[in-house]
Amino acid sequence: MSLIAARNLEFGHGGRPVLQRVSLALEPGEIVTIVGPNGSGKSTLLRVLIGALKPQKGKVTRQQGLRIGYVPQKLHIDPTLPITVNRFLNLPRAVGKEAVAEALGSAGVAGVGGAQMSQLSGGQFQRVLLARAVLGRPHVLMLDEATQGLDQPGSATFYRQIDAVRRDLGCAVLMVSHELHVVMSASDRVICLNGHICCEGTPEVVSAAPAYRELFGAGTGGALALYRHEHDHDHDHGHDHAHHHEAAE
Amino acid sequence: MLDDFLVRAALAGVGTAIAAGLLGCFVVWRRMAYFGDATAHAAVLGVALALLFGTSITLGVGVVALAMAILIHGLSGRGAAVDTMLGVLAHGALALGLVAVTLIPGQRINLDAYLFGDVLSVTRVDLAVIWGGGTLVVLALWWRWSALLTATLSHDLAYAAGINPRREQLLLTLLMAAVVAVAIKVVGALLITALLIIPAAAARNFANSPERMAFLSVATGALSALAGLRLAVIFDTSVGPMIIVVAVLIFAVSAFGRKLRPLGT
């Protein structure tokens, strides 16, 4: 049985349709990425899945007792609310000092526990959010543009940490991302969203799909090529590397 | 001991300050000041209705404040222009209450007692209401503390953790009505919001965690109540406004103190 499944979701905002006939299911352990242009309903879809928004039509079914770890796109903490990283990680359930220290370590921000949330840099903040999501030992980790504000090496490390988390916990990962080259390399399945689901499948299938190319242009073919290049250790084509890299930007 | 009106006044002030100090933290964190105003101003209408129907003032204030709080809660869920709407409701309720009080036949009541408080005339029954209501507020906040904090930080994080932030907000709404009913005798309808916000704002300057801020806010409120009562007796002024004046002074000192010793937050 799927961990979480959505069937025929419809969601509109002020008469403007945001999601139309969206169906998807998430299986244990898989990494699924949602890609799509700005305003295509990616964040809305995640927020419907966590229950923050009620779809006007359709249904979300969750496995009984499903635990979701959610990493929002951004989190604004009101400056009138003083809170340390340690306290933040113990909400809503107290998990204890050791668990917090371990989670911070595995998210790559060991030692920030005593700092105020407002003192963190953008990258540290995102990692703390990841640590908090992981602390609940989730069955599903949901990330909404979690690498926003990170530089390229930073986001590459961040994705490696997500992958490590998945291996440790065996959780499924559902993420929204605009970083196509990373997405393509890290996902089992890609869903291309533009209000409705344009196409979905393995990274290879999606990047070859006409609907995807229409949305992102042919240049993104290079993104997949770059991934191939990096991950297949295909050194014979070293000459093409710079070219593909440009295409990926 | 309770025979002394000053002792009763002190107990009433401290009891109110504890409940208001705790709830006030959420009012500050969630920017609910205007919401507090609307609920508190509705209390004047509650006074008018209580006089009209000959029921107890506390009951009238409690019921009308509750109705106003629930109305605002319902409207705020629809994404209307909340700020404007609260302004209309707050001042509308106040004006309606002021008009209604003067229209009641055969009554020449001193409205000042309800607008600015009259803590020196607190009875044993009032004390029971204040400490009963205050205890209720403290227990409810204690019970839902973590969920309330999570929902305050982010609605989405709350939803993902299986907490319904709308329900938590409704709880705060109900507690707000309770604090208004408790505090009207002490500081009056016009200054209740001040008692919610100022101690919490003063506490913010020296707090590094939500819990510490809550504790300092309660302490500041209680200190303001006791010192305000004492100063009002010495200078022969009304007590409610003096309590707020002391709270403002503590806030000013704490803001200045923070400048000298920044917490880096």
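This is a predicted model: local features need pLDDT of at least 70, side-chain atom pairs count only at pLDDT 80 or more; totals for chains, interfaces and linings use all residues.
Residues are numbered from 1 along each chain as its sequence is written, and chains are lettered from A in the order in which they are written. Local features need pLDDT of at least 70, side-chain atom pairs count only at pLDDT 80 or more, totals for chains, interfaces and linings use all residues, and side-chain values use heavy atoms, without hydrogens and water.

A nonpolar core is a set of buried Ala, Val, Leu, Ile, Met, Phe, Trp, Tyr and Cys residues joined through side-chain atoms within 4.5 Å; buried means under 20% relative accessible area, with a 1.4 Å probe and protein chains only. The largest such core holds 154 residues, and A:Phe88, A:Val128, A:Met142 and A:Leu143 touch the most other members. Helix H1 of chain B (residues 5–29) gives the most to this core, with 12 residues; helices are DSSP runs of H or I, at least four residues, numbered from the N terminus. Beyond its neighbours within four places in sequence, A:Val128 has contacts (heavy atoms within 4.5 Å) that include A:Val85, A:Phe88, A:Leu104 and A:Met117. A second, separate core has 10 residues, among them A:Val35, A:Val183, A:Cys199 and A:Tyr212.

Over all chains there are 3 aromatic pairs. Rings of Phe, Tyr and Trp (its six-membered ring) pair if their centres lie within 6.5 Å, and planes over 60 degrees apart count as edge-to-face. The pair of B:Phe26 and B:Trp145 is edge-to-face because the ring planes stand at 75°, with the centres 5.3 Å apart. B:Phe26 belongs to helix H1 of chain B and B:Trp145 to helix H6 of chain B, 119 residues apart. B:Trp29 and B:Trp145 are also edge-to-face, at 6.4 Å centre to centre and 70° between the planes. B:Phe26, B:Trp29 and B:Trp145 form one aromatic cluster. B:Phe26 is buried; B:Trp29 counts as buried at 3% relative accessibility, and B:Trp145 at 13%.

The largest pocket is lined by 29 residues, and B:Arg30, B:Ser76, B:His155, B:Arg166 and B:Gln169 lie nearest its centre. A pocket is an open set of points on a 1 Å grid over the protein atoms alone where a 1.4 Å probe fits, with protein on both sides within 12 Å along at least five of seven lines; lining residues have an atom within 4 Å of a point. Helices of chain B that each supply at least two lining residues include H2 (33–53), H6 (124–153) and H8 (165–183).

Note on methods:
Buried means under 20% relative accessible area, exposed over 50%, partly exposed in between (1.4 Å probe, protein chains only). Rings of Phe, Tyr and Trp (its six-membered ring) pair if their centres lie within 6.5 Å; planes under 30 degrees apart count as stacked, over 60 as edge-to-face and the rest as tilted.
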